[in-house]
Amino acid sequence: MTNDDTQQSAPELIRAWPGSAFPLGATYDGTGTNFSLFSEVAERVDLCLIDRDGRETCVELTEVDGHIWHCYLFGVTPGQRYGFRVHGPYEPENGLRCDPSKLLLDPYGKAFDGEFDGHPSLHSYDLDDPTKRNTENSLGHTMTTVVINPYFDWGNDRAPRHEYHNTVIYEAHVKGMTATHPDIPAEMRGTYAGMTHPAIIDYLTDLGVTAIELMPVHQFMQDQRLIDMGLRNYWGYNSFGFLAPHNEYAFAAKPGDAVSEFKAMVKAFHDANIEVILDVVYNHTAEGNHMGPTIGFRGIDNQAYYRLVEGDEQHYMDYTGTGNTLNVRHPHSLQLIMDSLRYWVLDMHVDGFRFDLASALARGLHDVDRLSSFFDLVQQDPVVSQVKLIAEPWDVGEGGYQVGNFPPLWTEWNGQFRDTVRDFWRGEPATLGEFASRLTGSSDLYENTGRRPTASINFVTAHDGFTLNDLVSYNEKHNDANGEDGNDGESHNRSWNCGVEGPTDDPDVLRLRHRQRRNMLATLILSQGTPMIAHGDEIARTQGGNNNVYCQDNEIAWMNWDLDEGKESLLEFTRTLVRLRRDHPVFRRRRFFGTVLRDDEDPQDIGWFSPDGSEMTHKDWDSGFGKSLAVYLNGEGIHEPDERGQRIVDDSFLLLFNAHHEPIEFSLLGPEYAQSWEVVLDTADHLEERTGELGSDESITVADRGTIVLRKVS
């Protein structure tokens, strides 16, 4: 077969008008569709229309402006499936991989149909002999791009626009949240429509969530390796469609319906005053390394879209651990990312983004550059700069760990918060000063860059790693189900099983695990910064010790909505914490403690005390014991104004932390701080025993590995 055998000539009834170079992609205007594709290396580009029977009709694009190939086809309407064939040099050793035998997906596609079936034709080389070309036609074995209807009735939709200090983020998976929920109709589970069901909306509202952060919903590819193992790409960090919602999460069956369903989901969340944040993966694509399939970018313009190894252009730079890295040094790759971000804000109404492996986007040559072109464009963009921007501030390349080093517009997943909180509560020595810093917003990481405590996205667990329940139930990962002989997933989890590995009936171990879950949730939600709860942690979701469920699209990873008494208790405890944070601005300050110059008459905003009630000294902070601490938050010492410029006055609180394996008695602060206190929270579940007020001359016992929160009464 020759390359020309893969196409048909356009019949006379299809006449291509010149159309426009912009916008890129397929744009339906009510009467027809404009098609536009960038390729600097192409010598010829064919637009291929695919009918319902899989037959192909190709139209040569003869209009080219600035390496953008385009046409307008009258009468082509939403639902039309299409792809491109790009003719040009195939010289892998020089980084050139044009291959017209492959039907290529539109990088600007807004919807996709079909599936990749693993056929050898998806590759441009012979699988048995990689030195030989494979020019089999990939049509019928690859997905196709779909023209969408861009029109949607948004009604009175308005973005909630919660300020960061008022934000509580809930990281969730579209399918995992809904796959087993008994109140959601079976046919709606695992879909965008399922996420809009009152069972989910009401649950999140009752929990006090203000933003849901969805794990990847950009169109992604199922890895053939996983399929061959009987597994699936559950997490979705394998994107190729940066403007398209993943079609497998659509309830309806028609191509393109995922777009309207996604919009309806966003609208429903906005009606509930909940923002929608997307976990986006712009650092790489699903085409993998030099042995991967040719489904789009690689065959359109390999050099423009990917970082190639200098002097060895057959291979790809891999800062992501996935085989390739997007070439953000090229203007059209940068344009694709920015166009995608604007599309999701303007057309899909999302409220922000969490950038996976964001350090990879900041690499100029090799080093991470916080002033890179990508950050410059984001800073200057009138749309993207106004939404929530959250960085996962690391990648797998050298020097990729960049917590605290992103520009002022950005917030960051604070990996140091996660590590410190885990270490403190499992009893690691010499963590007290670090713990205090994380509790107060990590000023050591963010203050010098002009940012505020809310730049710290605080988390103890996330999708990647142990759940909160497993963090206190396993010392070691148990990833046998992943089929990688336990070599995948993080080995250093800073976890502690409380004495028994995995499930147990030991009542003492179970009580301790229950307390440890509460300790970490209390620390997370009552710390300064922006808290993020991993879905299911509030109901003790377990993955059976698997800390890398990227390939487990099953009950191992899904939410289990069968709640026993213990899970219901933890859920109510979490609700109580979120309400406490919401009702008291002393827990969600906009500025760091001690950053406003005070007159001698102004009250101090925070105080640090030892269990005996004395103020902490340098010796106390450096103590090898370092497992107990009292923190006084002065509600009358908040020096920043509220949203209307008025002074903020709140209740005062005393937080008592004991990470020691034995109970510790804490003396309450003297009358200069309060006359009496009341207990509002006790992670040891003794709240019902703490009735009545406590005088300032009294003491209170904090259980081994326990937390107590007291409120000033008078």
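What follows starts with a pocket and then moves to the fold and a few local spots.

A: First, the ground rules: this is a predicted model, so local features need pLDDT of at least 70 and side-chain atom pairs need 80 or more, while totals for chains, interfaces and linings use all residues. Numbering runs from 1 along each chain as its sequence is written, and side-chain values use heavy atoms, with hydrogens and water left out.

Let's take the second largest pocket, which holds about 780 Å³ of space. (A pocket is an open set of points on a 1 Å grid over the protein atoms alone where a 1.4 Å probe fits, with protein on both sides within 12 Å along at least five of seven lines; lining residues have an atom within 4 Å of a point. Points join across faces, edges and corners, and the volume is what probe spheres set on them fill.) Its lining counts 31 residues, and the ones nearest its centre are His162, Tyr164, Gln386, Val387 and Lys388. Helix H7 (331-346) and strand S21 (388-391) each put at least two residues into that lining.

Now zoom out. The protein has 15 helices and 32 strands, and its C-alpha trace spans about 95 × 55 × 55 Å along the principal axes. Of its 714 residues, 61% count as buried, meaning under 20% relative accessible area with a 1.4 Å probe and protein chains only; over 50% is exposed, and in between is partly exposed. Take the contacts (heavy atoms within 4.5 Å) with a separation of 6 or more: 72% of them join residues 24 or more positions apart.

Just after H3 comes Gly208, with a positive phi of about 95 degrees.

Leu105 sits in a loop, between strands S10 (96-97) and S11 (112-113), yet it counts as buried because its relative accessibility is 4%. Leaving out residues up to four places away in sequence, Leu105 touches Phe112, Phe116, Met143, Thr144, Thr145, Phe240, Ile295, Gly296 and Ile300. Tyr249 is 144 residues from Leu105 in sequence, with 19 Å between their C-alpha atoms.

A few backbone spots are worth checking too. Phe22 and Pro23 are joined by a cis peptide bond, omega about 0 degrees, and Pro23 belongs to the loop between strands S1 (16-17) and S2 (25-28). His67 isn't a glycine but has a positive phi of about 70 degrees; you'll find His67 in the loop between strands S6 (63-65) and S7 (68-74), partly exposed at 38% relative accessibility. Ala540, also not a glycine, has a positive phi of about 55 degrees. Ala540 is in the loop between strand S24 (530-534) and H14, and with 9% relative accessibility Ala540 counts as buried.

How values were computed
Helices (H or I, at least four residues) and strands (E, at least two) are DSSP runs, numbered from the N terminus.
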